[in-house]
Amino acid sequence: MTENLTRLYFEKEDHLFNSEDDKYSHAAKGSATNSQGMEIDLYFKVEEGRIIDAKYNVSGCPVLVAISAFYIENVIGKELDHCRDFNAIGIHESIEIPNHKKDRMILLEDAVYNCLGQIRSR
């Protein structure tokens, strides 16, 4: 089942970031990288304290892509306060990421908090 959920989210392209899409030119961007060369960029489009849309761009393993897609799908429509309490372990409980790949959740968490920091600095 875990492999099926990871594959499902890995194959989703609904929320992939497209740099040619002008409506995201004013979105908040948060990024994170690790020593293995993996990188994640998150884009939150916020209105009145609510995330009305979100996109991601990932360079890394399929697990990082899957957890990014899962997170983005679940954050759209949420209040920013909901994101400030983000804990990547919740994703592990939903998708059951292998123990040796849990560092990907921390990378996602770093990108989320970086994006929130961009929103606060505006």
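Tutor: Start with α5: the cover over its buried residues includes β1, β2, α2, α3 and α4. Here contact means heavy atoms within 4.5 Å, and buried means under 20% relative accessible area, with exposed over 50% and partly exposed in between (1.4 Å probe, protein chains only). The names are for DSSP runs numbered from the N terminus: helices are H or I with at least four residues, strands are E with at least two. This is a predicted model, where local features need pLDDT of at least 70 and side-chain atom pairs count only at pLDDT 80 or more, while totals for chains, interfaces and linings use all residues. Residues are numbered from 1 along each chain as its sequence is written, and side-chain values use heavy atoms, leaving out hydrogens and water.

Student: Ok, which residues of α5 are buried?

Tutor: Arg104, Met105, Leu107, Leu108, Glu109, Ala111, Val112, Cys115, Leu116 and Ile119.

Student: What does Leu108 touch?

Tutor: Leaving out residues up to four places away in sequence, Leu108 touches Ile40, Leu42, Ile67, Ser68, Tyr71, Phe86 and Ile91.

Student: What about the largest nonpolar core, which residues touch the most other members?

Tutor: Leu42, Phe44, Ile67, Tyr71, Ile91 and Leu108 do, out of 35 residues in that core. A nonpolar core is a set of buried Ala, Val, Leu, Ile, Met, Phe, Trp, Tyr and Cys residues joined through side-chain atoms within 4.5 Å.

Student: New topic: how do the strands pair?

Tutor: β1 and β2 are antiparallel over 6 bridges, and β2 and β3 are antiparallel over 9 bridges. Two strands count as paired if DSSP finds at least two bridges between them. Thr33 has Glu39 in β2 as its bridge partner, while Leu42 sits opposite Tyr56 in β3.

Student: What's going on in the hairpins?

Tutor: The β1 and β2 hairpin has 5 residues between the strands, and Gly37 there takes a positive phi near 90°. In the hairpin of β2 and β3, with 2 residues between the strands, Glu48 takes a positive phi near 50°.

Student: How much space is in the largest pocket?

Tutor: About 180 Å³. On a 1 Å grid over the protein atoms alone, a pocket is an open set of points where a 1.4 Å probe fits, with protein on both sides within 12 Å along at least five of seven lines, and lining residues have an atom within 4 Å of a point. Grid points are joined across faces, edges and corners, and the volume is the space filled by probe spheres set on the points.

Student: Who gives the most to the lining of the largest pocket?

Tutor: α2, with 4 residues. The lining includes Phe70, Tyr71, His82 and Ile91.
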